[in-house]
Amino acid sequence: MTTNGVNGHHQLASRPLKPGIYAPIPSFFLPESEDLDIPSFENHVVRVASAGVGPLLAGSMGEAIHLSHSERVTLIKVARKALDKEGLVNVPIIAGIGAGSTRETVELAKEAAEAGADYAIAIASGYFAGALAGNKKALKAFWVEVSAKSPIPVMIYNCKSLQLPPVSQLIRLCKDPGASGGINLDSDLITELAIDCPNICGVKLTCGDVGKLTRIAATVSDSSFGSIHPRKNKNAPFLVLGGFADFLLPGSYSNGHGAITGLGNVAPYSIAKLFEISEASHADASLLPEAQRLQGIIGRADATIAKASISGTKYLLEKMYGYGGLPRKPLPPIEPAAAEALWEHSHTRDLVRLERELSGKAH
């Protein structure tokens, strides 16, 4: 993970939050019992982190809605231990703290911090979206209170609006469309939160709005932002991260800071390489054609694989790495015909070839 106009102070302490690629790690379950499959989880966290991709636990891809508080704590503790054992002691852990109420969100933030998480990410519950979606005051109050009471820096999770055209809804399939209920924060509110809340450390834009990313980054990536609006934690600058990998290159040229993307589970080396080359191309324009090539492969695959959601990602992990399994009920597994079509799709095959090539070189 490299730097790109990071606001805030010089990062000195261990496990700072840096620009780059982060992956929302799936929670794996044993067949029949649906208990946590800890060995597969440990294996995957280390695999992803070894490729230079940071782990985000108990998020949408991690089926947080299906996890108890104690299971979330277990996953954080297990991940920290596994990373440290492999010498990945400087890799930070971001923990999902999404819940129905502000009170429970704060409780989860405290539990995550105690378990060893370095950062948290919070989404406004969509259960009462009818009352919240158009209420800027209530939405701002949620993140103000959560960030003020959280012992660790908090990131905003802006999922998406359900008002998008049907085709865009399919391509931009959020892993938990009911969680946000169509609540879609605009750039003005997110920028206000960045300015007013020193314990907020960034935003994940799963809405896929590059214009929104550009507007927010224009403020927070300015060299003066960190001194005028210092962060509570000097190691936690405000990062503007995409929620997909298909606009990493244009996001980089808009002073964005990377992405939190489910595709990082399937192809961590590929996406990390795309971010690296995109950043390097600012100084060396000869790298831009290669960045565009990688962005094309990854962008097509992202749109194709995102349609298969959590069960599709787990299927691909099973095919590529020998673990994955099924989501917790009532979330259904991918249908066999759809799974085969996903694996054989030209977009998937191109990404798999790229990932195998880059991971082989890394090893």
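Trainee: How many of the residues of strand S5 (residues 154-158) are buried?
Mentor: Before answering, note that this is a predicted model, in which local features need pLDDT of at least 70 and side-chain atom pairs count only at pLDDT 80 or more, while totals for chains, interfaces and linings use all residues. Residues are numbered from 1 along each chain as its sequence is written, and side-chain values use heavy atoms, with hydrogens and water left out. A strand is a DSSP run of E with at least two residues, a helix is a run of H or I with at least four, and both are numbered from the N terminus; buried means under 20% relative accessible area, exposed over 50%, and partly exposed in between, with a 1.4 Å probe and protein chains only. By that scale S5 is mostly covered, and the number of its buried residues is 5 of 5.

Trainee: Which residues of S5 lie on one side and which on the other?
Mentor: Both faces of the strand are covered, and the residues on each of them are buried. One side holds Val-154, Ile-156 and Asn-158, and the other holds Met-155 and Tyr-157.

Trainee: What is the bridge partner of Ile-156 in strand S6?
Mentor: Two strands pair if DSSP finds at least two bridges between them. S5 pairs in the parallel sense with strand S4 (residues 119-122) over 3 bridges, and there Ala-120 stands opposite Val-154. S5 also runs parallel to S6 (residues 200-205), to which 5 bridges join it, and in S6 the partner of Ile-156 is Val-203.

Trainee: How far apart in sequence are the parts that the pair of Lys-314 and Glu-63 ties together?
Mentor: A salt bridge is a side-chain nitrogen of Lys or Arg within 4 Å of a carboxyl oxygen of Asp or Glu, and the count by this rule is 14. In one of them, the side chains of Lys-314 and Glu-63 meet at 3.0 Å, N to O. Because Lys-314 lies in helix H15 (residues 309-321) and Glu-63 in the loop between strand S2 (54-57) and helix H2 (69-85), the pair ties together parts whose separation in sequence is 251 residues.

Trainee: Are Lys-314 and Glu-63 buried or exposed?
Mentor: Their relative accessible areas have to be set against the cut-offs given earlier, where buried means under 20%. On that scale Lys-314 and Glu-63 are both buried.

Trainee: What is the relative accessible area of Glu-276, which meets Lys-273 in a salt bridge?
Mentor: The side chains of Glu-276 and Lys-273 meet at 3.7 Å, N to O, and both residues lie in helix H13 (residues 268-280), 3 residues apart, about one turn of the helix. Lys-273 is partly exposed, with a relative accessible area of 30%. Glu-276 is partly exposed as well, and its value is 42%.

Trainee: Which element gives the largest share of the lining of the second largest cavity?
Mentor: The largest share of the lining, 3 residues, comes from H11.

Trainee: Why is the pair of Phe-142 and Trp-143 edge-to-face?
Mentor: A pair of aromatic rings is described by the distance of the centres and the angle of the planes. Rings of Phe, Tyr and Trp (its six-membered ring) pair if their centres lie within 6.5 Å, and planes under 30 degrees apart count as stacked, over 60 as edge-to-face and the rest as tilted. The count by this rule is 4 aromatic pairs; in this one the centres are 4.9 Å apart, and the pair is edge-to-face because the angle between its planes is 80°.

Trainee: What is the relative accessible area of Tyr-323?
Mentor: Tyr-323 belongs to one aromatic cluster with Phe-28 and Tyr-321. Tyr-323 is buried, with a relative accessible area of 5%.
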